[in-house]
Amino acid sequence: MLVMVDSSRQMGTLVDFDATAKTLSLQSGSGAPLRIDFASFKVVRFTRGMPLVKAGHQNTAGAMESGKRQKLTLHFVDGEQMQMEVVGVVEHHAGLFLYASSFGQDIMCSFVPACALQKCQFASVGEAAATTAPADAPLPSFVPIKSRQGVETALHSRPAASTLRIGETLLLERLITQAQLDEALKLKQQQPNVPLGEVLVSMGAVKRDTIRRVLVQKLGIPYVELEEFDVDLDLIKSVPSELVRQHNIVPLYRADGKVIAATANPAAGEAQHALGFFTKLKVEIVVASSNDIESAIKKYYGGGTGRQTLQDLVLEIGNNETGAGAAVAAAAAVEESGNADHVLVKLVNTIITDAFEQGASDIHIENMRDNLPTRIRFRKDGVMFDYSEVPPELKSALVSRLKIMCRLDISERRRPQDGKIDFSQFGGQKIELRVLTMPTTDGLEDVVMRILAAPKAVSMETLGLSDYAMAGLKRIAERPHGLLFVCGPTGSGKTTTLHSVLSHINTPDRKIWTVEDPIEITQRGLRQVQVQSKIELTFAAILRSFLRADPDVIMVGETRDPETARTVIEASLTGHLVFSTMHTNSAAESVVRLLDLGLDPFNFADALLGVVGQRLARRLCTACRQPYAASTEDLAMLSHEYCHDSPLDPSEVVAAWRPKYGGAVGKIILYRAKGCPHCNGTGYKGRLGIHELLINTPELKRMILGKANVSELTRSAIGEGMATLRQDGISKILQGLTDWEQIRTI
């Protein structure tokens with residue numbers, strides 16, 4: 001392994017080492033060996049142990065007794081330093097051969113070229129002396145950078161990618177043993193979505209800070225010192241303190257259309273994603289110590305939360321001279337006065353901002369009878385939880401302010417109203433919300449807001465599809481004509497799945513039309529039309545117009561009535577690929593429901609390509625989930641549920657699971673929820689998709705023509721290779737992604 005002068009690393013097999021010519025040859029792939037000049041690297045580390053040279057060689061500091069451990073500090077010509085413990089040093093005109101800690105009879109060897117070395121110093125070390133640097137000390141391959149110019153130079157000289165893996169690096173650094181790495185790799189097979197570093201941390205093999213430090217070296221990320229760094233104060237002011245504190249990330253400056261930000265954990269992508277989503281710019285990460293990050297946040301954002309809490313704002317309104325009774329008039333006047341500092345405005349903005357930053361999908365404002373406080377609840381990962389309460393005197397003001405934001409009639413309280421909020425227009429983050437006001441008892445109104453925080457389509461690979469479903473769905477998407485349905489209850493991710501499939505085939509040679517209500521996800525290249533019921537611009541009406549607009553692919557947001565269903569079938573039979581959704585419980589039930597709408601079975605059987613059924617289950621928090629060995633009773637229960645309504649045998653299913661999920665010993669590990677600060681004590685963080693794909697085969701076509709029932713269609717589809725929603729959910733339990741309680745719930 002070579003540590004290059006730009007701090008990048010290269011791995012390979014040493015083919016030739018020519019001390020006279022001061023070059024070596026490295027075989028790192030199937031091509032010709034790469035010849036590297038000694039001036040291009042600082043250190044080469046040999047990964048195989050070798051016998052210690054016992055001859056009485058001299059080193060640059062004088063004689064050194066072979067086998068005696070000493071601390072060696074290397075001073076490189078570029079000003080960097082590296083410390084290590086050695087048991088022997090051999091001096092050569094081309095450089096130094098360094099012999100490190102022993103493994104059995106053999107020891108590990110490194111070579112430092114003379115042209116890279118300025119001097120070296122020795123110091124005695126006791127046998128029990130520590131060999132690792134302090135947790136937050138500068139990394140040995142990186143001198144802390146204190147300027148923007150230094151960061152830019154390091155970023156531009158950083159290699160585009162590294163072939164070195166974290167396990168190999170930890171092994172080479174003697175931070176783990178081969179046995180620990182082998183055990184971690186086995187565990188990772190059972191939890192493929194968990195990084196190997198996290199597996200090693202959960203095993204207790206290394207500390208998380210050690211993983212962070214090695215990742216920095218592996219990826220070549222610049223290491224900065226923040227105490228004297230010239231940060232962009234305008235950028236600091238534009239980024240909310242809540243985002244900075246939640247993700248422990250410090251924005252430093254803007255350059256070339258990107259934001260440079262510092263974090264103590266470069267492996268966590270959530271901070272980079274959150275800052276990028278807020279700024280709408282690419283984010284480049286540099287690394288600082290945990291202490292530096294904490295100090296910088298206190299310095300630039302203060303020691304508190306940096307923003308008034310909901311309770312502070314409510315108290316401020318209560319203490320205001322105008323009184324809560326004037327709040328409605330004040331809210332109505334905001335639109336004209338532009339008084340963005342009005343406390344009621346800040347109250348509403350705080351609710352929306354907190355919901356977004358906590359990852360909520362919906363905000364529920366519930367005005368109560370009998371002068372009780374207004375309850376505010378959020379829905380996160382499909383589960384409702386209490387956020388806060390506000391005094392009953394403010395209920396009318398809250399509703400009126402929200403109506404003004406989405407331009408609804410503030411005097412109309414008898415009918416439901418729909419609207420949309422572009423939160424960026426009110427000085428907040430770039431968030432869109434779909435708003436519904438609903439009249440309740442005693443002349444009160446509730447407000448429900450859906451946060452539309454995913455404006456871009458995701459790739460099919462991120463949906464969590466099984467291999468069978470992924471391959472089948474891609475084949476369907478590439479067909480020239482036919483009909484694909486995605487079914488499931490409200491909020492199960494149907495639109496996300498459809499847009500993911502559309503992104504897979506969204507190429508310049510296709511014309512793609514979509515009709516949606518509302519348009520939640522946008523893609524470059526799609527022509528998207530919004531349903532307008534007030535002017536009778538319905539799904540069916542727009543779809544009929546699409547047929548005259550030269551489409552290749554049509555996406556219909558929802559098939560909910562016979563007219564739309566017939567038009568969808570007509571479009572697919574006239575040479576178009578059509579995608580749509582339905583609110584049904586399973587793929588097979590969708591087929592029966594469509595026939596019940598009065599469709600011609602012959603046309604429908606010819607047009608249908610397949611049906612995706614899906615749900616969203618809560619994902620176990622990887623930071624705190626607890627592993628346990630699956631008992632015989634656990635496997636018996638899961639296999640019984642897996643074989644429900646299918647011809648499969650539970651004992652055969654368990655026998656197939658053991659080599660697939662249990663590794664070489666066949667020991668299956670399951671996980672249970674625990675709860676930690678990372679997941680707000682719930683044990684779950686995020687959601688994952690559970691899918692089934694019914695593909696219309698010749699046998700299924702025959703059953704559709706015969707108007708088979710749901711059970712008959714399901715059994716036939718299972719025989720053709722389909723895994724049901726229940727089976728796919730249990731597979732994700734065995735992968736360590738969720739638990740039975742969540743699969744049972746959905």
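I started with charges over rings. The charged end of lysine 42 sits over the ring of phenylalanine 76, 5.5 Å from the ring centre. My criterion for "over a ring" is NZ of Lys or CZ of Arg within 6 Å of the ring centre and within 35 degrees of the ring normal. I also noted arginine 672, which lies over the face of tyrosine 628 at 3.9 Å from the ring centre.

A reminder to myself: this is a predicted model, where local features need pLDDT of at least 70 and side-chain atom pairs count only at pLDDT 80 or more, while totals for chains, interfaces and linings use all residues. Residues are numbered from 1 along each chain as its sequence is written, and side-chain values use heavy atoms, with hydrogens and water left out.

**Aromatic pairs**

How many aromatic pairs does the structure hold? I got 12. Rings of Phe, Tyr and Trp (its six-membered ring) pair if their centres lie within 6.5 Å; planes under 30 degrees apart count as stacked, over 60 as edge-to-face and the rest as tilted.

I looked at phenylalanine 17 with phenylalanine 38: the pair is tilted, 5.4 Å centre to centre with 45 degrees between the planes. The two are 21 residues apart and link distant parts of the chain, with phenylalanine 17 in strand 3 (residues 13-18) and phenylalanine 38 in the loop between strand 5 (34-37) and strand 6 (41-50). Helices (H or I, at least four residues) and strands (E, at least two) are DSSP runs, numbered from the N terminus.

Buried or partly exposed? Phenylalanine 17 is partly exposed at 26% relative accessible area, whereas phenylalanine 38 is buried at 1%. The cut-offs: buried is under 20% relative accessible area, exposed is over 50%, and partly exposed is in between (1.4 Å probe, protein chains only).

Phenylalanine 17 also pairs with phenylalanine 111: the centres are 5.1 Å apart and the planes are at 85 degrees, so I logged the pair as edge-to-face. Phenylalanine 111 is in strand 13 (residues 106-113), 94 residues from phenylalanine 17. Phenylalanine 111 is buried, at 0%. I then found that Phe17, Phe38, Phe41, Phe97 and Phe111 form one aromatic cluster.

Next I traced an open sheet of 3 strands, in the order 15-16-17 with mixed pairing. Strands pair if DSSP finds at least two bridges between them. Strand 15 (249-255) and strand 17 (282-287) stand at the edges with a single partner strand each, so one side of each has no neighbour in the sheet. Neighbouring strands here are turned by 30 degrees against each other on average, direction ignored.

Strand 16 (residues 258-263) pairs with strand 17 in the parallel sense over 6 bridges. Which residue of strand 17 is the bridge partner of isoleucine 260? I found glutamate 284.

Helix 9 (residues 290-301) lies across strand 15 and strand 16, at about 75 degrees to strand 15. Axes are lines fitted to C-alpha atoms, for helices over the stretch in contact (heavy atoms within 4.5 Å), and angles run from 0 to 180 degrees between N-to-C directions.

**Covered strands**

I checked strand 25 (residues 512-516) for cover, and 5 of its 5 residues are buried. Ile512, Thr514 and Glu516 point one way, Trp513 and Val515 the other way. Strand 25 pairs in the parallel sense with strand 26 (residues 526-530) over 5 bridges, and with strand 27 (residues 553-556) over 4 bridges, also parallel. Threonine 514 stands opposite glutamine 528 in strand 26 and opposite methionine 555 in strand 27.

Strand 32 (residues 684-695) is largely enclosed by the rest of the structure, because 9 of its 12 residues are buried. Strand 32 runs antiparallel to strand 29 (residues 608-620), joined by 10 bridges. Glutamine 614 stands opposite histidine 691 of strand 32.

**One serine, then the totals**

I looked up serine 716, which is in helix 23 (residues 710-719). Serine 716 is buried, with 13% relative accessible area. Leaving aside neighbours within four places in sequence, serine 716 is in contact with Glu699, Leu700 and Met703.

Last, the protein chain as a whole: I noted 25 helices and 32 strands, and 48% of the 746 residues count as buried.
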